[in-house]
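Walk through this model with a viewer open.

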Amino acid sequence: MGISAIVGERRLLREVAGRLLGSARDAEDVVRETYARWYAMPEDMQEEVGWPTAWLVSVTSRLCCDRLNRARPGPPHATGRPRPGEDTAGGRPADPLAPGHRRDHVVQVFKDACEGMDGVATLTALLAPDVVVITDGGGRVRVPLQPVSGTEQAARYILDLFGGQADVTLVEASINGGPGLVVRVAGTTAAVVVLHLCGGLVSDVWIVMNPDKLGAFRGHEDPPAGPRT
């Protein structure tokens, strides 16, 4: 990786962490810890990561969520049973879904929003207020140079990209061990979407459209149509 790409990657991680934490100092601490975890991995494990930058963004998001969870105030009622509909962590509404099921639910709703008629309302309800959408075109696909942020802007960008097109299909998939989707156009893989969750909402969306990074997801494409006889 060249020096320009390295600097750009670090800037991206700082931006993601800064938006989630609201503090440049905390964001820098998280980015340092993210890189420390990467370099602590054995080389063979690093080589198994298909997209190192996506892995780094995912770890950055998780570390930010951990910090935000630790910073939340303690429950106002330290003793006794929680009220109906509340959990024991600050009186927040209890999430009826376990973390794994919650991830599956989010991916399904995300997919339905892209395929449905009322996608903006459905998608905005799924996105965190400070959500960030990052698109990797690798210089080979025309994509926004800057991340798209904010719930409505992010929702409209995603729907403009994937929604309302008869030849576009979204397939749920596990990407780098996390929730995501493979996007196919007329049966050919065109993008991979990685969703990072924080507090049950999508905190950032990583859309990979760089053809060089999509090879691993082309194994189940529809076969090309043969010549007519």
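Strand 1 (127–136) and strand 2 (148–149) pair in the antiparallel sense over two bridges; strands here are DSSP E runs of at least two residues, helices are H or I runs of at least four, and both are numbered from the N terminus. Two strands count as paired if DSSP finds at least two bridges between them. Within this pair, valine 133 has valine 148 of strand 2 as its bridge partner. Strands of a sheet pair through backbone hydrogen bonds, in a parallel or an antiparallel sense.

This is a predicted model, in which local features need pLDDT of at least 70 and side-chain atom pairs count only at pLDDT 80 or more, while totals for chains, interfaces and linings use all residues. Residues are numbered from 1 along each chain as its sequence is written, and side-chain values use heavy atoms, with hydrogens and water left out.

The whole sheet is open and has six strands in the order 2-1-6-5-4-3, with mixed pairing. Its edges are strand 2 and strand 3 (168–175), each of which pairs on one side only.

Helix 7 (residues 151–162) lies across strands 1, 2, 3, 4, 5 and 6 and runs at about 40 degrees to strand 1. Helix 4 lies across strand 5 and strand 6, at about 20 degrees to strand 5. For these angles, axes are lines fitted to C-alpha atoms, for helices over the stretch in contact, and the values run from 0 to 180 degrees between N-to-C directions.

Helix 4 (52–71) has 20 residues and spans 29 Å from its first C-alpha to its last, close to the 28 Å expected at 1.5 Å a residue; the expected span is 1.5 Å times one less than the number of residues. Its buried residues include Thr53, Ala54, Trp55, Leu56 and Val57. Buried means under 20% relative accessible area, exposed over 50%, and partly exposed in between, with a 1.4 Å probe and protein chains only.

Which residues touch the most other members of the largest nonpolar core? They are Trp51, Trp55, Val192 and Trp206, in a core of 31 residues. Such a core is a set of buried Ala, Val, Leu, Ile, Met, Phe, Trp, Tyr and Cys residues joined through side-chain atoms within 4.5 Å. Helix 4 gives the most to this core, with seven residues. Leaving out residues up to four places away in sequence, tryptophan 206 touches Leu12, Thr53, Ala54, Val57, Ile134, Asp136, Val192, Val193, Val194 and His196, where contact means heavy atoms within 4.5 Å. A second, separate core of 30 residues includes Val109, Ala154, Ile158 and Leu181.

Serine 203 sits in strand 6. This serine 203 counts as buried because its relative accessibility is 2%.

One disulfide is found in the whole structure, a disulfide being a pair of cysteine sulfur atoms within 2.5 Å. This disulfide joins cysteine 65 to cysteine 198, with S to S at 2.2 Å. Cysteine 65 lies in helix 4 and cysteine 198 in strand 5, so the pair ties together parts that are 133 residues apart in sequence. Cysteine 65 is buried at 7% relative accessible area, and cysteine 198 is buried at 15%. Cysteine 64 is in no disulfide, and the nearest cysteine sulfur, that of cysteine 65, is 7.0 Å away. Cysteine 64 is buried, with a relative accessible area of 0%.
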